[in-house]
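I opened this entry to note what I looked up, beginning with the chain as a whole and ending with one residue.

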Amino acid sequence: MDAALAAPQAKPAGGAALDQIIIATGAAGILTAALLILGWGHRTGRLTLLTRLADLSERGPGRGLPGWASLPIVVALFSLLTALLGMYWDISLHISHGRDEGPLANIAHYPILFGLFGIFTAGVLAIALPNKGVRPGKAAVRITRDWYAPAGGVLLAGAGFYALLGFPLDDVWHRIFGQDVTLWGPTHLMLIGGAGLSLVGMMILEREGRRAYDGPAGDRPAAWALFVRRSMHAGGLLIGLSVFQAEFDFGVTQFRLVNQPLLIALAAGCALVAARLWVGRGGALAAVVFYMLIRGGVSLIVGGIIGELWAAVPLYFAEALCVELAALVLARRPLLLGAVSGVLIGTAGFAAEYGWTRFAYKLPWTGDIIVEGSLMAVVGGVAGGLCGAMLAEGLEGRLPRPAVARPLFAAAILAFAAAATNCVIFSVPKGEQATVDLTDVRGDAAHRTANARITLSPANAVDDPAWVAITGWQGKGLHVEPLIKEGQGVYRTAAPMPLYGEWKTLIRIHDGRTLAGVPIYLPDDPAIGAKELPATDHFTRPVQSEKKILQRELKSGVPGWLWLVCSAVVLACTLTLVIALGWGVARVSRILPERAGAETGTREKASA
C-alpha cells in the first residue's frame, strides 16, 4: 500500500484526467464570474474599483491615455510577460521531462494560464470601462444602443480568448490524436499566436486612446516617454512573433532547418519595419533592445534561476540596422521601405544570423541551407516588411487605399504560407540503414552512457548535411550533439550519450529535404503500449521517419482526413483573427486619419 502511494503517477498519453478537467473548469468559471461581476458593477455604477484603477493608470504608466486604454494596456503587458515566462518554462519542461502527470501537475502551466487570462481580461476591461453612452473615440464599435467599446479592446479580448481556447482544445486534440510533442501542434500554435498577435490589438488601442485623450496638455507624455512606450510595444510584437522559433532555440526542432531563417526574417520584417515607421528614427534598434532585455531575461530565469534548459536567442541587431539604413532613404515611401528592408533582412540579416547560430545554437546553420534558406528569408522578410509597413501606416492614419492595401496584405499572407508549406515538406529515404557500435562510458544500467561509431549505408546517402546529430531528450535533461565525420558515411559521437531511464535517444539526419532518424534507445511506455527498444553493443536499424520516434505518443489508426479537418478548423480560426486585426488597423486609419502637427510618429519625424 505504501509502495503504491509512493510510486510516481503515470504520465497519461491522451487527455487529462477527469478530476483535473473539473478543477480547471471550475477555476476558469470562478475567474470569469469575478471578471463579469467587476464589469457589471462598473457599468451599473455599483462598483468603483475599476474606475479607481483606471484613474491611477492614467496618472502613472499610461500617462496621456484615457483610463479605458491605459489600464488595459498595463494589464496586457504584465500578462504577456507572465505568459512568456510560463511558455518557455513549459517548453523546457516538456523537452527535458516529457509528458505531464496532468495539466495541473505542471507548475509552468499556471503562469501561462494566468497570463493568457490576463490578456483576455485586459480586452474585457477596455470594453467595460467606457461609461454608459460615452463613445471612447471615433473608431469605437457599438455593442448595444448606448454601449461603445474601442476597436482595439475588442480585438485584444478576441486574441486573448483565442489563446485561452487553445487549452481545452489541446486536451481534446490529445484525446483524438495522442500527444503531439511539438511546439507546432495546431492547438499549441493557437496559444502562441493569440498571445503574440494581441500586441497588434494593444497598438490599435494605444492609437485610439491617444487620439481620444482630452486631458490637460501638460499630462501628455514627453517625446522620449512616447518613444519608450512605442518601442516596448514594437519590441513586444518582435517577442511574440519570435516564440514560434522556440524549437530551434532549444535545439529540438522537428522541421527542416530552412524554416528558422524564414521565421526570423518574418518576425524582423514585421516588427522592426513597424517600429521604425511608428516610433521614429532608432525605433528598430530600440525595439531589439527591449526584445533582448525581456527575451534574454526569460532565458536567464528559466535556465539560470529555475534550473531548466537554456534557450538561444536570435540577435536581430543586424536586421534592425538594415531597416534603419534603408529608412534613411525610404522613410517617406513606407511600402518600398518594407520591401527593401525585407530583402536586406533576407540577405545581410541572414548572413549575420548564420554566424550567430554557429556560436550560440545547438544545431547551427550549415552550407546545406544557404541557397534555399536565404530565399526563404527574403520571402519572409519582404512579407513581414510589407505587413509591418502597413501596420505602422495604419496606426498613424496613412494606410494606402483599400485597392492597394488589401491585395498586398493578402499577397504577403499567401507568400508566407507558401514558404512555410515548402519548409515543412520533407522526405524519408528508403532502403537506407545505420550500423551502430557502442562503447560504454558508464556501464551500469541505471545510468548507462556510451560513445558510438555510426556507419550509414549506402555510404553516399548523406552529402553535405544540415545535421547528422545525436538527440537525447525527455530523460530529465537534453543532449544534442552534432556527430563528427570520420569518413564517407562514417560518424562518431563527440560526447557520451544517455541510454537509460526515460531518455529517448536517436540519430537524426537532415540533408536537403531528407528529415529522418534512427532510434538508439527508447524506454518502455505502458501508457501507449510501447515496449523498450534496448541499445545493444552492436546493431543495424533502418533509417525511418523521425516523427515516429520523436512523437511516438501519437495514436495510429486515426483517419488522415480527420486530422486535416481539425487542422483546417484551427487554420480558419487563425486566419479569422489575422483578418480581424487587419480590419482593426484599416478602421483606425480610415476613421482616425493623420492630422497636421501630430506630436510624434508623423512622416516628417519618422524620416528625421
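For the charge count I took Lys and Arg as positive and Asp and Glu as negative, leaving out His and the chain ends, and I placed each charge at NZ of Lys, CZ of Arg, CG of Asp or CD of Glu. On that basis I noted 51 positive and 44 negative side chains, with the centres of the two sets 11 Å apart.

The model is predicted, so I kept in mind that local features need pLDDT of at least 70 and side-chain atom pairs pLDDT 80 or more, while totals for chains, interfaces and linings use all residues. Residues are numbered from 1 along each chain as its sequence is written, and side-chain values use heavy atoms, without hydrogens or water.

I then looked up the overall dimensions, and found that the C-alpha atoms fill a box of roughly 80 × 65 × 45 Å along the principal axes. The radius of gyration, taken over C-alpha atoms, was set against a globule rule of 2.2 Å times the number of residues to the power 0.38; the chain has 25 Å, which agrees with the value near 25 Å for a compact globule of 608 residues.

Of the 608 residues, 54% count as buried, meaning under 20% relative accessible area with a 1.4 Å probe and protein chains only.

Last I turned to Leu125, which lies in helix α5, residues 109-128 (helices are DSSP runs of H or I, at least four residues, numbered from the N terminus). Leu125 counts as buried because its relative accessibility is 7%. Leaving aside residues up to four places away in sequence, Leu125 touches Leu50, Leu71, Pro72 and Val75, where contact means heavy atoms within 4.5 Å.

Technical notes: Helices (H or I, at least four residues) and strands (E, at least two) are DSSP runs, numbered from the N terminus. Buried means under 20% relative accessible area, exposed over 50%, partly exposed in between (1.4 Å probe, protein chains only).
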